[in-house]
Amino acid sequence: MILEVENLSYRYRKASSPILRDVSFQLDSGEIMTILGCNGAGKSTLLNCLGNVFEPISGRIFLGGEDLRTMDLRKAARMISYVPQNHTAVYSYTVRDFIVMGRAPHLGILQSPGEKDYEIADQVMKELGISRLADKAYTEISGGERQQALIGRAIVQQPKIILFDEPTNHLDYGNQLRMIRLVRELAEKGYAVLMTTHMPDHAMLLGGKTAILDREGRLRVGKAEEVINEKTMDEIYRIKVKIVYVPEIERKVCVFDENAAVGKEK
């Protein structure tokens with residue numbers, strides 16, 4: 001098992017109670033797990049714990065069977081990469097140079113990226129369809145293009161696990177669907193992929209495992225078709241939705257039921 005989480009809890013300083021409580025799950029190579037939850041539920045916090053940014057107050061995280069707490073930082077960086085929801089641009093690196101920074105865990109101290117590293121970056125940009133951005137300043141491209149560059153930087157790291165924090169957040173509709181396709185392709189290549197999203201349809205499109213992080217910080221994990229139902233969506237988002245089968249696309253979709261909106265008078 002490439003990723004194992006056992007009874008993980010996390011509390012912010014000065015907070016009276018944990019935001020994450022006894023979170024446990026497993027993810028193997030080639031698997032996808034999509035995490036749904038309302039704003040403030042702790043989805044990003046969980047990814048920061050898994051990415052070794054936050055230290056849990058209890059519980060353990062294992063990467064390839066090794067405890068993350070005692071793992072060498074460089075080794076951990078070769079195992080897991082993280083695409084954050086937001087990234088503030090400071091320096092005007094070219095997109096190509098920004099992406100190749102993902103090779104850092106594979107380089108020695110003070111070693112600069114070499115020809116092979118740039119070849120990997122160029123191939124990833126080609127696969128993402130952003131080669132046209134290679135020589136543009138990272139500070140001067142759009143939010144959606146920056147998100148794609150962040151994804152490229154995570155992929156060139158060549159990890160075993162990729163964490164995506166709402167990767168479709170700044171993308172237009174077409175690029176959202178391309179992002180979903182990319183996640184599938186990464187899993188097919190053997191990566192373990194964990195992704196947070198606010199869109200139940202994204203989880204339904206990806207299939208695999210779906211997790212619900214509730215308002216108490218507890219995680220429920222199951223198959224997408226089992227976890228995503230009208231009752232659960234109502235509990236998470238406090239709106240009425242319908243799960244309906246659309247014959248034209250031969251799958252179920254999740255849609256907002258305006259006529260039965262929570263709090264709306266009949």
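Reader: Into which domains is the protein chain divided?

Author: Keep in mind that this is a predicted model. The chain splits into domain 1, covering 3–228, and domain 2, covering 229–265. Their C-alpha centres are 28 Å apart. As for who takes part in the contact, domain 1 supplies 15 residues and domain 2 supplies 12 residues.

Reader: How much area do domain 1 and domain 2 bury between them?

Author: The general idea comes first. Interface size is often quoted as the accessible area that is lost when the parts come together. Here, domain 1 and domain 2 bury about 1100 Å² between them, and 54% of that is on carbon and sulfur atoms.

Reader: And which residues in domain 1 lose the most area to domain 2?

Author: Look at Met204, Arg215 and Ile228. Together they account for 39% of what the domain 1 side buries.

Reader: On to helices. At what angle do the axes of H4 and H5 cross?

Author: For a helix pair, take the axis angle and the distance together. Helix H4 (residues 115–128) and helix H5 (residues 143–156) cross at roughly 135°, and their axes come within 9 Å. As for handedness, H4 passes H5 in a right-handed crossing.

Reader: Which residues of H4 and H5 meet there?

Author: From H4 you have Ile120, Ala121, Val124 and Leu128; from H5, Gln148, Ile151, Gly152, Ile155 and Val156.

Reader: How does H5 pack with H6, and what is the angle?

Author: H5 and helix H6 (residues 173–188) pack at about 5°, with axes 13 Å apart. That angle is under 35 degrees, so H5 runs roughly parallel to H6.

Reader: Which residues make that contact?

Author: On H5, pick out Gln148, Ile151 and Ile155; on H6, they touch Asn175, Met179, Leu182 and Leu186. The residues of the H5–H6 contact divide into five nonpolar and two polar, again with no charged ones.

How values were computed. Residues are numbered from 1 along each chain as its sequence is written. This is a predicted model: local features need pLDDT of at least 70, side-chain atom pairs count only at pLDDT 80 or more; totals for chains, interfaces and linings use all residues. Side-chain values use heavy atoms; hydrogens and water are left out. Axes are lines fitted to C-alpha atoms, for helices over the stretch in contact, and angles run from 0 to 180 degrees between N-to-C directions. Helices (H or I, at least four residues) and strands (E, at least two) are DSSP runs, numbered from the N terminus. A crossing is left-handed if the near helix is turned anticlockwise from the far one by less than a right angle, and right-handed if clockwise. Contact means heavy atoms within 4.5 Å. Domain bounds come from an automatic or database domain assignment. Buried area is the accessible area (1.4 Å probe) that two parts lose on being put together, summed over both. Angles under 35 degrees count as roughly parallel, over 145 as roughly antiparallel, 65 to 115 as roughly perpendicular and the rest as oblique. Ala, Val, Leu, Ile, Met, Phe, Trp, Tyr, Cys and Pro count as nonpolar, Asp, Glu, Lys and Arg as charged, and the others, Gly among them, as polar.
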